Amino acid sequence: SWRMLANVPVPPDVEPRHLSEPHAVALSDGRLVAMYRYQKQPKSGYSQAGESLQTESSDGGRTWSVLRRTGIHGYPPHLIRLNDGRLLCAYAKRLKGVCGIYAVLSADGGKTWDLKHEILLCPSETSDLGYPSSVQMPDGTVYTVYYHPEKVGGKPVVMAVRWRLPTETPTRYAPVEVARHPWVVLNEDCGCYLDSVERKHPGERVTPESGSASGEVFEEKIIA
């Protein structure tokens with residue numbers, strides 16, 4: 001059974017009816033960090049613009065801080081705590097010119113997010129994509145699953161990318177290099193390596209190969 005535990009305070013400039021799809025993660029000290037998708041629907045039609053708002057709890061979810069803006073202009077947020085204690089938030093952007101799957105890191109328990117070093121996991125030419133979900137693998141790489149059409153205008157499929165995190169905040173980032181087919185994102189300067197594409201038939205079971213510490217690219221796969 002379930003019972004009502006708490007309400008999350010909302011600031012005056014946020015309309016609660018536009019909040020949805022929350023996700024939370026527990027920190028090593030027991031605190032909870034949660035994010036909400038916040039997206040308005042104007043009279044002219046549904047807007048693809050949106051952002052992720054954040055709240056925290058230090059008492060097991062009984063009380064929460066007032067929702068605040070994070071500067072993350074993407075949604076819906078998916079949070080995980082990495083082995084080194086950093087937080088990872090993955091999300092989608094559906095704005096023309098910047099569509100894709102993205103990730104951003106926090107080294108201070110969600111107090112700030114390193115938006116200057118936003119990581120582009122999957123560039124796209126369509127806004128029909130999103131809902132990433134990540135897990136850190138035993139070798140330290142991150143496996144992020146999301147939906148995306150196999151080709152623009154095509155039927156959406158479940159896709160995944162395995163990538164390596166930067167070990168520390170870099171002093172500069174090189175531009176992301178993108179090849180359409182196969183999709184390859186290689187950013188040597190920040191230490192982020194994405195997979196070269198290995199296509200799998202829809203529904204075929206995929207077991208990611210173990211990555212190595214030498215920094216070669218891994219695989220992006222269609223898994224459903």
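Mentor: Begin with the surroundings of Lys-93. Leaving aside residues up to four places away in sequence, Lys-93 touches His-73, Gly-74, Val-98, Cys-99, Gly-100, Tyr-102, Glu-118 and Leu-129. Contact here means heavy atoms within 4.5 Å. The model is predicted: local features need pLDDT of at least 70 and side-chain atom pairs 80 or more, while totals for chains, interfaces and linings use all residues. Residues are numbered from 1 along each chain as its sequence is written, and side-chain values use heavy atoms, without hydrogens or water.

One of those neighbours deserves a second look. The side chains of Lys-93 and Glu-118 make a polar contact at 3.0 Å. A polar contact is an N or O pair within 3.5 Å; within protein, one atom must be able to donate a hydrogen and the other to accept it, and sequence-adjacent residues count only through two side-chain atoms.

Is Lys-93 buried or exposed? Lys-93 counts as buried because its relative accessibility is 14%. The cut-offs are under 20% for buried and over 50% for exposed, with partly exposed in between (1.4 Å probe, protein chains only).

Now the strand. Lys-93 lies in β6, which spans residues 87–93. Strands are DSSP E runs of at least two residues, numbered from the N terminus. β6 is mostly covered, with seven of its seven residues buried. Both faces are covered.

Next, the partners of β6. Strand β5 (residues 75–81) pairs with β6 in the antiparallel sense, over five bridges. Pairing requires at least two DSSP bridges between the strands. His-78 has Ala-90 of β6 as its bridge partner. Five residues separate β5 from β6, and the two strands form a hairpin. In its turn, Gly-85 has a positive phi of about 95 degrees.

Then comes strand β7, residues 100–106. β6 and β7 pair over seven bridges, again antiparallel. Leu-88 is bridged to Leu-105 in β7. Here too there is a hairpin, with six residues between β6 and β7. The turn holds Gly-97, whose phi is positive at about 95 degrees. Two contacts of Lys-93, Gly-100 and Tyr-102, fall within the span of β7.

β1 pairs with β2 (residues 32–38) over six bridges, in the antiparallel sense. Leu-19 stands opposite Tyr-38 in β2, and Val-25 stands opposite Val-33. β1 and β2 also form a hairpin, with five residues between them. Gly-30 lies in that turn and has a positive phi of about 95 degrees.

Back to the starting point. Lys-93 is a buried residue in strand β6, with a side-chain polar contact to Glu-118.

Technical notes
Helices (H or I, at least four residues) and strands (E, at least two) are DSSP runs, numbered from the N terminus.
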